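This briefing goes through a protein chain, one topic at a time. Look at the sequence and the structure first, then read the points below.

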Amino acid sequence: MILLLLNIAVVIILTHAYVPQLKTTYKTRTAEGVSPFFWLLISLSTSYSLFNILATGQADWFTYLGQFINATVAFILFIWITKLKYRWEVTLFVSILYVFMNLYVHSIATLELSQSIATIAIIAAYFDQILHFIKNKNSVGTNPLLYVYFALGLILLTTIMFMTSVSIYVIVTELVNITLLLICGILSKKYQQNNL
């Protein structure tokens, strides 16, 4: 019962994590401090994970729902941020490219390979956003709570992994993700204050 409640809490937290960023993007109508590449990688990673859990068919309904929401909202933010930063032709081109990349990876890759790509993509996304913050010394258009909520959700998820004897490699990956998320959150807050 505890594991079920923790799993549901993880899905709720990770789904809710997007809300502050959606509000900030809507309110500021700017993406100056946001790397579109960050959202491309997040979007690709969440969609690979969604297709993989659908392919295995071994998850609970709330896991499917949570991952579907993650993949959908990440894609919406990717398109929205790209549109704010570039002309509509670029947005259209990268949207089409995104669809083809997804279809290509899912048609040729094994489950293990596509999940490995998803893990690498998520780590690369955080590094890209961290470098974007440091280079531009600007976080306008980002919301630190996005990173904090995701870190909190992954801390709960890692706790579940410890309780269910998941592979130490997966746990280490999640611990790296949590660290990078917290760094993103700190930098977002720091450079947000610099731009007030």
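Asn138 sits in the loop that joins helix H6 (111-136) to helix H7 (144-163); helices (H or I, at least four residues) and strands (E, at least two) are DSSP runs, numbered from the N terminus. The model is predicted, so local features need pLDDT of at least 70 and side-chain atom pairs count only at pLDDT 80 or more, while totals for chains, interfaces and linings use all residues. Residues are numbered from 1 along each chain as its sequence is written, and side-chain values use heavy atoms, with hydrogens and water left out.

- A polar atom of the Asn138 side chain lies 2.7 Å from the backbone nitrogen of Val140. A polar contact is a pair of N or O atoms within 3.5 Å; within protein, one must be able to donate a hydrogen and the other to accept it, and residues adjacent in sequence count only if both atoms are side-chain atoms.
- Lys137 is also in the loop between H6 and H7, and because its relative accessibility is 48%, Lys137 counts as partly exposed.
- The phi angle of Lys137 is near 50°, which is a positive value in a residue other than glycine.

- His132 belongs to helix H6 and counts as buried because its relative accessibility is 16%.
- Apart from neighbours within four places in sequence, His132 is in contact (heavy atoms within 4.5 Å) with Glu32, Gly33, Val34, Ser35, Lys85 and Lys137.
- Ser49 is part of helix H3 (residues 36-56) and, at 15% relative accessibility, counts as buried.
- Not counting residues up to four places away in sequence, Ser49 touches Gln67, Gln115 and Ala118.

**How helices pack**

- Two packed helices are described by the angle between their axes and the distance between the axes. Axes are lines fitted to C-alpha atoms, for helices over the stretch in contact, and angles run from 0 to 180 degrees between N-to-C directions.
- H1 (residues 2-16) and H4 (residues 61-85) pack at an angle of about 15°, with their axes 9 Å apart. H1 and H4 are therefore roughly parallel (angles under 35 degrees; over 145 is roughly antiparallel, 65 to 115 roughly perpendicular and the rest oblique).
- The crossing of H1 and H4 is left-handed, as the near helix is turned anticlockwise from the far one by less than a right angle; clockwise would be right-handed.
- On the H1 side, the contact is made by Leu4, Asn7, Ile8, Val11, Leu14 and Thr15, and on the H4 side by Phe62, Thr63, Gly66, Ile69 and Asn70.
- The contact of H1 with H4 has six nonpolar, five polar and no charged residues. Ala, Val, Leu, Ile, Met, Phe, Trp, Tyr, Cys and Pro count as nonpolar, Asp, Glu, Lys and Arg as charged, and the others, Gly among them, as polar.
- The axes of H3 and H5 (residues 88-108) come within 11 Å and cross at roughly 35°, and this crossing is right-handed.
- Residues in the contact of H3 with H5 include Phe51 of H3 and Tyr98 of H5; by class, there are seven nonpolar, four polar and no charged residues.
- The axes of H1 and H2 (residues 18-28) come within 5 Å and cross at roughly 10°, which makes H1 roughly parallel to H2.

Technical notes:
Buried < 20%, exposed > 50% of the residue type's maximum accessible area, 1.4 Å probe, protein only.
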